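Student: Could you take me through one part of this model in detail, the place where the two chains meet? I would like the cut-offs along with the values, please.

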Amino acid sequence: MAYNPFTLEGKKILITGAAGGIGRATAVECAKLGATLILTDINEDGLNSTLAILEGDGHVCLTANLTSQEALDDLVAQLPMLDGFVSNAGVTKPTPVKFINKDDLERIMSINTFAPIYLTQRLCKKKKFNEGASIVFTVSVGGVFTTAPGNAMYGSSKGALQVFMKNVALEMAPKVRCNSVNPGMVNTNLAGRSYSDEDKERDMQTYPLRRYGEPKDVALAIVYLLSDASSWVTGHALIIDGGKTLY
Amino acid sequence: MELKDFIEKFAEQFDDTDISVFTPETVFHELEEYSSLIALSIIAMIDEEYGVIIVGNEMRSSVTIEDLFNIVRSKKEA
Ligand SMILES: NC(=O)c1ccc[n+]([C@@H]2O[C@H](COP(=O)([O-])OP(=O)(O)OC[C@H]3O[C@@H](n4cnc5c(N)ncnc54)[C@H](O)[C@@H]3O)[C@@H](O)[C@H]2O)c1
């Protein structure tokens with residue numbers, strides 16, 4: 001076989017938020033590189049659509065609402081030993097500070113921050129990671145490296161997740177590595193239709209590479225962090241943002 | 001829902017624009033104080049007060065305050 005330091009051959013990888021967007025693109029790329037996948041999401045139809053386009057055999061889907069403690073226990077109980085874990089499910093709702101309310105804030109924090117923490121906690125406690133395994137959190141540039149109007153709730157949720165990532169990296173070393181990808185704006189359904197086409201066009205011009213990201217741009221960075229090509233990289237936040245944070 | 005009431009709540013999202021500026025015919029995108037943050041505030045106000053989700057393109061295509069009011073009303077009735 002041709003030389004490929006990014007191969008995921010023989011690795012079992014869990015991906016959350018795999019029903020669409022970045023999670024689906026990550027599943028597609030990981031499968032192409034030989035991984036066997038366990039996909040999870042709250043959206044069952046979306047998960048099945050992802051499964052249908054994967055190369056290779058042996059992949060499974062487990063539908064779960066990650067904000068439920070019981071669902072997390074059920075999910076972890078069904079998992080094999082893992083070589084990779086991509087914690088990627090997330091939501092947002094652009095809202096100015098003065099309109100923050102308990103329902104929205106608790107929903108965003110539960111999905112973006114608490115669910116990844118509780119799931120990681122369980123995977124560690126149940127010793128689900130093989131030696132040399134890699135954990136990747138989909139964080140964001142937002143909240144960690146940039147601020148934007150209406151981004152307080154989302155940014156707070158991702159800022160907390162970024163700090164959690166570093167603590168996991170420290171505690172799980174040397175057996176398991178842990179890193180994050182930090183994308184700028186990517187073309188997915190995440191932000192819904194809050195911004196007009198005109199606003200988006202204008203915003204794109206603030207990116208030195210003059211476009212928003214595609215899910216695959218982020219997926220391939222996740223592949224790098226999952227693969228043994230990054231075996232001396234841990235606790236790192238990998239920015240993928242078309243140069244946005246250069247300003 | 002009342003247009004007058006809607007205009008008052010719309011005007012509340014601004015800090016420096018005089019209340020007398022806000023009428024059904026006001027072309028709000030041209031107000032000096034209008035910004036992406038105020039646009040998000042108006043969207044959040046409409047969600048909170050009327051239970052209606054306005055998308056970016058609807059905000060953009062509304063020329064006057066009354067245009068936006070009409071979109072909110074028709075979505076509320078739908
Ligand atoms: N799109 C962007 O611009 C962007 C930028 C930076 C970071 N991100 C992050 O990337 C990640 C993936 O988002 P995306 O852009 O692909 O959006 P997306 O909406 O396509 O994917 C998010 C997935 O999370 C799932 N999900 C939501 N709540 C869940 C729950 N309670 N339990 C289980 N699954 C749940 C959704 O069903 C969806 O499939 C998110 O963490 C997001 O914050 C996205």
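Tutor: Happy to! A polar contact is a pair of N or O atoms within 3.5 Å; within protein, one must be able to donate a hydrogen and the other to accept it, and residues adjacent in sequence count only if both atoms are side-chain atoms. By that rule, five residue pairs are in polar contact across the interface of chain A and chain B, both residues being at pLDDT 80 or more. On the side of chain A that touches chain B, five residues are nonpolar, four polar and five charged; here Ala, Val, Leu, Ile, Met, Phe, Trp, Tyr, Cys and Pro count as nonpolar, Asp, Glu, Lys and Arg as charged, and the others, Gly among them, as polar.

A word on the ground rules. This is a predicted model, in which local features need pLDDT of at least 70, side-chain atom pairs count only at pLDDT 80 or more, and totals for chains, interfaces and linings use all residues. Residues are numbered from 1 along each chain as its sequence is written, chains are lettered from A and ligands numbered from 1 in the order in which they are written, and side-chain values use heavy atoms, with hydrogens and water left out.

Now the extent of the interface. Chain A gives 14 residues to the contact and chain B gives 15 residues, contact meaning heavy atoms within 4.5 Å. Together the chains bury about 1,200 Å², with 57% of it on carbon and sulfur atoms; this is the accessible area (1.4 Å probe) that two parts lose on being put together, summed over both.

Two salt bridges cross this interface, each a side-chain nitrogen of Lys or Arg within 4 Å of a carboxyl oxygen of Asp or Glu. One of them pairs B:Asp47 with A:Lys93, at 2.7 Å from N to O. In another salt bridge, the closest N and O atoms of B:Arg60 and A:Glu198 are 3.2 Å apart. B:Arg60 lies in helix 3 of chain B and A:Glu198 in helix 6 (residues 197-204) of chain A, so this pair joins two chains; helices are DSSP runs (H or I, at least four residues), numbered from the N terminus.

How accessible are these two partners? B:Arg60 is partly exposed at 32% relative accessibility, and A:Glu198 is partly exposed at 39%, where buried means under 20% relative accessible area, exposed over 50%, and partly exposed in between (1.4 Å probe, protein chains only). Both also belong to a network of salt bridges that links A:Glu198, A:Asp199, A:Arg202 and B:Arg60.
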